[in-house]
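Subject: Structure handover

Hello,

Here is the structure I promised to pass on. Please open it alongside this note, and my findings follow below.

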Amino acid sequence: MALPLADREEFLAEPHVAALSVAAGADRAPLTVPIWYQYSPGGQPWVLTGTGSRKHRLIEAAGRFTLMVERVEPTTRYVSVSGDVSRIEPGTDAHLEEMTRRYLSGDAADRYLAFAREHLGEHVVIALEPQQWLSADMGAF
């Protein structure tokens with residue numbers, strides 16, 4: 001059963017790891033990779049990725065991408081949102097901190113932040129304008 005908008009947005013706002021999918025060229029299947037993302041209901045989901053990374057280049061070229069999140073307990077549920085890129089901007093330390101603390105806490109977050117600041121280089125924020133939604137909750141099986 002498809003989820004109402006409020007339920008889709010609430011589910012997407014939870015800290016799931018998303019599958020990001022973007023066109024990778026005429027002779028290739030889409031690039032689909034796991035990624036952390038940020039989202040607040042009614043807003044635009046955004047991702048943080050390395051400046052000039054393959055994801056960055058492909059999303060910029062395609063001008064659109066998809067995020068899909070899922071769970072299997074307590075019920076099997078998924079939400080997929082696709083749309084055009086609304087903005088690409090330089091990532092800041094505040095973006096890195098916000099994204100990291102969405103998924104990690106305490107010492108794990110501190111260690112990851114230290115690693116990222118030292119080794120991962122510059123990032124970009126890529127935001128999505130939600131245009132197409134697919135969702136379902138298939139109940140408990």
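Which residues does G139 touch, not counting residues up to four places away in sequence? The answer is T75 and T76, where contact means heavy atoms within 4.5 Å. G139 and T75 are 64 residues apart in sequence, yet their C-alpha atoms are 5.0 Å apart in space. G139 lies in the segment after β7, and it counts as partly exposed because its relative accessibility is 25% (buried is under 20% relative accessible area, exposed over 50%, partly exposed in between, with a 1.4 Å probe and protein chains only).

Some ground rules: this is a predicted model, in which local features need pLDDT of at least 70, side-chain atom pairs count only at pLDDT 80 or more, and totals for chains, interfaces and linings use all residues. Residues are numbered from 1 along each chain as its sequence is written, and side-chain values use heavy atoms, with hydrogens and water left out.

Now the sheet. Seven strands form an open sheet in the order β2-β1-β5-β6-β7-β4-β3, with antiparallel pairing. Its edge strands, β2 and β3 (37-38), each pair on one side only. Helices (H or I, at least four residues) and strands (E, at least two) are DSSP runs numbered from the N terminus, and two strands pair if DSSP finds at least two bridges between them. Between β6 and β7 there are 13 bridges in the antiparallel sense, and V79 stands opposite S135 in β7.

Helix α2 (residues 54-62) has H56, L58 and I59 buried. The cover over the buried residues of α2 includes β1 (18-22), β2 (31-35), β4 (46-50), β5 (64-71), β6 (77-90) and β7 (123-137). Just after α2, G63 adopts a positive phi of about 75°.

Finally, the largest pocket holds about 250 Å³ of space. A pocket here is an open set of points on a 1 Å grid over the protein atoms alone, where a 1.4 Å probe fits, with protein on both sides within 12 Å along at least five of seven lines; lining residues have an atom within 4 Å of a point. The volume is the space filled by probe spheres set on the points, which are joined across faces, edges and corners. Of its 13 lining residues, L48, T49, Y112, L120 and H123 lie nearest the centre of the largest pocket. At least two lining residues come from each of β2, β4 and α3 (93-103).

Happy to talk it through.

Best wishes
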